Amino acid sequence: MQNTRECRFPGNFVWGAATAAYQVEGAAHEDGRGESIWDRFSNTPGKVRNGESGEIACDHYHRYREDVALMRELGLDAYRFSIAWPRILPMGRGAVNEKGLDFYDRLVDELLDSGIEPFVTLYHWDLPQALEDEGGWTNRATADAFAAYTHVVVRRLGDRVRHWITLNEPWVVAWPGYALGVLAPGRDGGEAAALQAIHVQLLAHGKGMEVIRGAAPEAQAGITLNLTPIYPASEAEDDVRSARYTDGRENRWFLDAVFTGHYPDDMLELWREHVPSIEGRDMDTISMPIDFLGINNYSRGVVRADPTGRNKLGLDVRPENAKFTDTGWEVYPDGIFDLLERVRREYGPRRIYITENGAAFPDVRSHDGQVHDPERVQYLEWYTDSIGRALEGGVPLAGYFVWSLLDNFEWAHGYWKRFGITYLEYSTLERVPKASFQWYRSFITRRKAAAKETQRVG
Ligand code: FCB
């Protein structure tokens, strides 16, 4: 049983780990970095738990060599990290800060010297504050600024970086960031602001794709969406209808736009008063072909109809007898299987990478100095088993990135929620590989051995 399982992943399957600039780098004021919306938001009292910020974070900016050594120890094929836009263009556009580019140059070289493929995300939420002051993601000019920024980065790193991700999770930027105000930039403009922020981000994605195609024609490029499979709480018609709308907000709004060039009709109708201004060739830009779709998935949603009928998207249900992680997200490994199958069936992407998957648990260092995190090991075993099943079923899955290499600044939660397979002792910045790190290392070794064996026998 174990053996057949191990054969599922082909030899060129990419095993990786992911981080994001603001969550790990620190060095917020170094080498000419400009202010980002996350610096501003974190410094606004009451926004982030305990008033914490990414000012020091994991100090990856200075300790990246040590972190790449951890990746080597893990046997990773790839490392997904993001570039801090305000390090490159402190004011969002205009003057380029060479020292910022130098850092990523060093990081990329260190990775390549270690045989680890860089997967670079251009935008993981740290918009230059100067652009936010001009309307941020609700301002169409931000999409052009993103294209110009992309050009600067790809010109510098494009000779070595072969995988580019334009944006990370435009959903999160738009809804918690622009509609509800609970993540940076902290605006509470409701549906209209969210839909406008999504549209401008997707435009930025399309324009960024055009730039990458021009500047690095050999590279593979795509976008990372956070997708959550949504299940109705029952077969009742109104529950099913609500779940369908919620699926529209979570998934179809993005997938339809990127793969078909249309926002879904039912959602356009539902949100008719808030629909963003769509100009000329916007939807063509948004739907230009991508080489791969990046999917971040952690959990699922269960929805029942709102008995008052007011909220067409229904109400979230917390399933009974289920397991939950420290962020309250249900552990539901079948969800990633269903999601992958569905994306393949309905949208037919050329290739898919799971660009994030993982779990937070309240880890502690025990008296032996180690961190025992059996729940995370279990989570990862289950989820990787599910993606293996999807792969066998014909889903064009090319790689998997665990979130995260390190415990890090978990946005509005501060340092409270630990997602790492490496524990961070924040007072000393010491890195302590958790049991899940050791598990992942031996998992990767076994997968590689099994793939070789299959090749030999086959
Ligand atoms: C995702 C983010 C990532 C991290 C994980 C837990 O939504 O992309 O930065 O916060 O959640």
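1. Let's start with the second largest pocket: by class, seven nonpolar, no polar and four charged residues line it. (Nonpolar covers Ala, Val, Leu, Ile, Met, Phe, Trp, Tyr, Cys and Pro; charged covers Asp, Glu, Lys and Arg; the others, Gly among them, are polar.) A pocket here is an open set of points on a 1 Å grid over the protein atoms alone, where a 1.4 Å probe fits, with protein on both sides within 12 Å along at least five of seven lines; lining residues have an atom within 4 Å of a point.

2. Before going further, keep in mind that this is a predicted model, where local features need pLDDT of at least 70 and side-chain atom pairs need 80 or more, while totals for chains, interfaces and linings use all residues. Residues are numbered from 1 along each chain as its sequence is written, and side-chain values use heavy atoms, with hydrogens and water left out.

3. Which residues line the second largest pocket? They are Pro229, Ile230, Tyr231, Pro232, Val240, Ala243, Arg244, Asp247, Asp338, Leu339 and Arg342. Its volume, the space filled by probe spheres set on the joined points, is about 270 Å³.

4. Where does that lining come from? Strand 6 (230–232), helix 11 (237–260) and helix 14 (333–347) each put in at least two residues, and helix 11 has the largest share, with four. (Helices, H or I with at least four residues, and strands, E with at least two, are DSSP runs numbered from the N terminus.)

5. Two of those elements, helix 11 and helix 14, also pack against each other, at an angle of about 50 degrees and with axes 12 Å apart. (Axes are lines fitted to C-alpha atoms over the stretch in contact; angles run from 0 to 180 degrees between N-to-C directions.) That angle makes helix 11 oblique to helix 14. (Under 35 degrees is roughly parallel, over 145 roughly antiparallel, 65 to 115 roughly perpendicular, and the rest oblique.) The crossing is right-handed, meaning the near helix is turned clockwise from the far one by less than a right angle.

6. Look at who touches whom there, with contact meaning heavy atoms within 4.5 Å. Helix 11 brings Arg244, Asp247, Asn251, Arg252, Leu255, Asp256 and Phe259, and helix 14 answers with Arg342, Val343 and Tyr347. That gives four nonpolar, one polar and five charged residues. Arg244, Asp247 and Arg342 turn up in this contact and in the pocket lining too.

7. Helix 11 has another partner, helix 10 (residues 190–215): the two pack at about 30 degrees with axes 12 Å apart, and they are therefore roughly parallel. Their crossing is right-handed.

8. From helix 6 come Glu98, Leu101, Asp102, Tyr104, Asp105 and Val108; from helix 8, Val152, Val153, Arg156 and Leu157. By class the contact holds six nonpolar, no polar and four charged residues.

9. Finally, some backbone spots to check by eye. The Ala184 to Pro185 peptide bond is cis, with omega near 10 degrees, and Pro185 sits in the loop between helix 9 (170–180) and helix 10. Trp403 and Ser404 are joined by a cis bond with omega about 10 degrees; Ser404 is in the loop between strand 11 (397–403) and strand 12 (422–425). Glu169, not a glycine, has a positive phi of about 50 degrees and lies in the loop between strand 4 (163–168) and helix 9.
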